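Please consult the sequence and the model shown next.

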Amino acid sequence: MRVRMLAAAAVAVLTVGGTAACGGSADDSGAVTLKLGFYAAAGDPADTTMRELVKEFTAANPSIKVELEVAPYVKFFERLRTQIAGGQAPQVWLSDGVLVQEFAARGALADLTDRVKTVNADDYSGIELNRDAKGRIYGFPQGAQTPVLFYNKKLFADAKVAEPTADWTYDDLAAAAKKLTTDTNGDGKPDTYGFRAYSPGFTESWWPIIKAFGGDIVTDGNRKVVVDSQQSKAALDWMLGAMGKDGFAPDYATTEGLGKGVVHTLFATGRVAMSYGIYARSLPATTAGVDFGVAPMPKGPAGRGNVAIVNSWVVNKTASAAQADAAWKWITFFSGEGPQRKWAELGEAIPINKKVASTALPADRHAFLDSLDAATDLGVNAVWSEYTEALSKRINEALSGATPVDTALTAGQKDAQEVIDRFYAGQTQ
Amino acid sequence: MRKTLSYVLVTAGALVMLVPFVAALSNSLKSFAQYIQVPPTWIPDPIQWDNYVEVWRRTPFGLYLVNSLVIAVLAVAGNVLTSAVVGHALARMRLPGRQALLTMALGTMMLPTVITIVPNFLLFRSLGWLDTLLPLIVPYWLATPIGIFLMRQTFLGIPKDFEEAASLDGANPWQVFWRIHVPLAKPALATLAVFTFTTSWKAVLEPTIYLTSPENYTLPVGVLSLKGQFVGNDQLVTAAAMMSLLPMLVVFVLAQRYFVRGTMSAGLKG
């Protein structure tokens, strides 16, 4: 009896499972199967909307069959990297904008430069932010993120502080933030801070601040690290003052101790009255019922330091010609007015279709559009994740007070440059 | 007095251990706004039972449960059977190079999963097993290093007298293994079964890499599939995690006796 049960189990092992996913180029009838990957949480509005758009697309293009591969952000890219190594990646997928060049440099992406020439570039935001040092374009924008200044209207009204304007400087920000910092329970520690200066997501923290103070992070096609400058030092000193002697921002240890996910809820829970935030930060604030406004980031000695990330559709280099054509058809479909308007309703990203963006965003959110227009890219190159991690580590040492700013900037520049040089040494592309 | 103090200490320890569980239960019943509230509250107001309904609405949660159960049960069957056979051979049979074989098997334990994931991916791809449950089951039918080691140590601890007596009565090696040694190794087999079940049940990396269709997801992958990028849906993730705990709790309660006994006997005899 036991032996029979074991035999049955063995048979079950061999019979469990479905069929392996198969891609495929165009068959004799001209039908083509396209595997399309994107990141979204199961059942989230983004997931539902994307599926609806895919249905619309396949209804309009009956010769194209789309198979979806969806996973939450982190898991999507974890799986994708293995799929690329194993030659099993989708033919078209949604990439985080900062990862496009990483995939391209490893030979995973088709060059879209010629295809992009067929569209009117003036109709879309972010195309140029995707251009690499050699002028090639490997991704077409899907949605954009750029930081602006979020402010809590109720906290401003309660403290009788005038709301931020486009003329604000970093001094104005500091003055308002000090007034907004309050200790209501008298324990000697503020319950509400005026501003969140540090964030592990540096797009909303030291990166734009360094640029606003006249420093820069990388130049020369994003291959030369130049962060070690007096301007960068001034920027980090301003942040240290905010978190230290001026006391209007939670310090590094407090913020870092919250964990990456919770840091982004500091504004949504009213623990900070102002925060730099990308467009997507509207979602938790709205969900938590915060009455907020957005304003341009304040002016520093060298401007506002606007930066942007353009999440983009990319096409697998191993896709057949028919699949690549179908993928491009999907990309142009998604960039069209109807789909862009539908996607904009999610409030997750700034539409890259300029016509849609100008009408879909309420007038009091146009700071995002101005910021996007003025933005530079986030120092994207083939080793973006690695070099920014090396640099962040050193800058965080400075912001935590563990290392003098000068020393940290010098070490950060050296470490980040080594990462870049190691990759590009001997590279022809 | 001493007994009372022991009970107080044990109860206090148990209560401390329960805190994360109670916190998770509380979080699973909050709205997003309550979830991120600082300071956090212990009792949700209002209680969001809907979170549990929402998990089932958003995902084929029942399928995740079935997939995880199928994988875990077949993994246990495979690992217990094959590890026992291999462990027995290495412990009781005169094989040339058996020590080297054992060392090699144990050596593979030193390799982190991330190192082997791409070669395994290529292997399963060539077999046409991607997006099926097979990559998560079949490797357990090839014996695992930890299973081999545990069973070898167990079989080494059984006196040879039993084996010799059975042989004198005409038992062949398979009968000695199946009728004499396996019954004596039940506690260790139970330990291996529980260990295999928990390892398989909570695996995240491999199912994430190999499974792409939601209908093939396991529970951990399904739970994590609810995690949002900008609004974390943490209350839903926690509700799903609480539900995925239940089968594990049942297994632990049912197998607790074997688990403890197995651990003790393996420790004493090994």
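This is a predicted model: local features need pLDDT of at least 70, side-chain atom pairs count only at pLDDT 80 or more; totals for chains, interfaces and linings use all residues.

Residues are numbered from 1 along each chain as its sequence is written, and chains are lettered from A and ligands numbered from 1 in the order in which they are written.

**Chain A**

Chain A contains 18 helices and 12 strands (DSSP runs numbered from the N terminus: helices are H or I with at least four residues, strands E with at least two). The radius of gyration, taken over C-alpha atoms, is compared with a globule rule of 2.2 Å times the number of residues to the power 0.38. Because a compact globule of 429 residues would have a value near 22 Å, the 24 Å of chain A agrees with the rule.

| Property of chain A | Value |
|---|---|
| Span of the C-alpha trace along the principal axes | about 70 × 60 × 45 Å |
| Buried share of the 429 residues | 51% |
| Share joining residues at least 24 apart, among contacts between residues at least 6 apart in sequence | 72% |

A residue is buried if 20 or more other C-beta atoms, placed from the backbone, lie within 10 Å of its own. Two residues are in contact if their C-beta atoms lie within 7 Å.

In helix H16 (residues 367-374) of chain A, the buried residues are A:Ala367, A:Phe368, A:Leu369, A:Ser371 and A:Leu372. They pack against several elements of chain A, among them strand S4 (139-145) and helix H15 (354-360).

A:Val100 lies in helix H4 (residues 100-105) of chain A. This residue counts as buried because it has 26 C-beta neighbours inside 10 Å. Beyond its neighbours within four places in sequence, A:Val100 contacts A:Ser95, A:Asn130, A:Tyr138, A:Gly139, A:Ser312 and A:Val314.

**Contact between the chains**

Between the chains, 43 residues of chain B touch 37 residues of chain A. Elements giving two or more residues to this side of chain B include helix H4 (61-92) and helix H6 (113-126) of chain B.

**A helix pair in chain B**

Helix H5 (residues 98-107) and helix H8 (residues 145-156) of chain B pack at about 135°, with axes 8 Å apart. Axes are lines fitted to C-alpha atoms, for helices over the stretch in contact, and angles run from 0 to 180 degrees between N-to-C directions. In this pair, B:Leu102, B:Ala105 and B:Leu106 of H5(B) meet B:Pro145, B:Ile148, B:Phe149 and B:Arg152 of H8(B).

Note on methods: A residue is buried if 20 or more other C-beta atoms lie within 10 Å of its own, exposed if 12 or fewer, and partly exposed in between; C-beta atoms are placed from the backbone.
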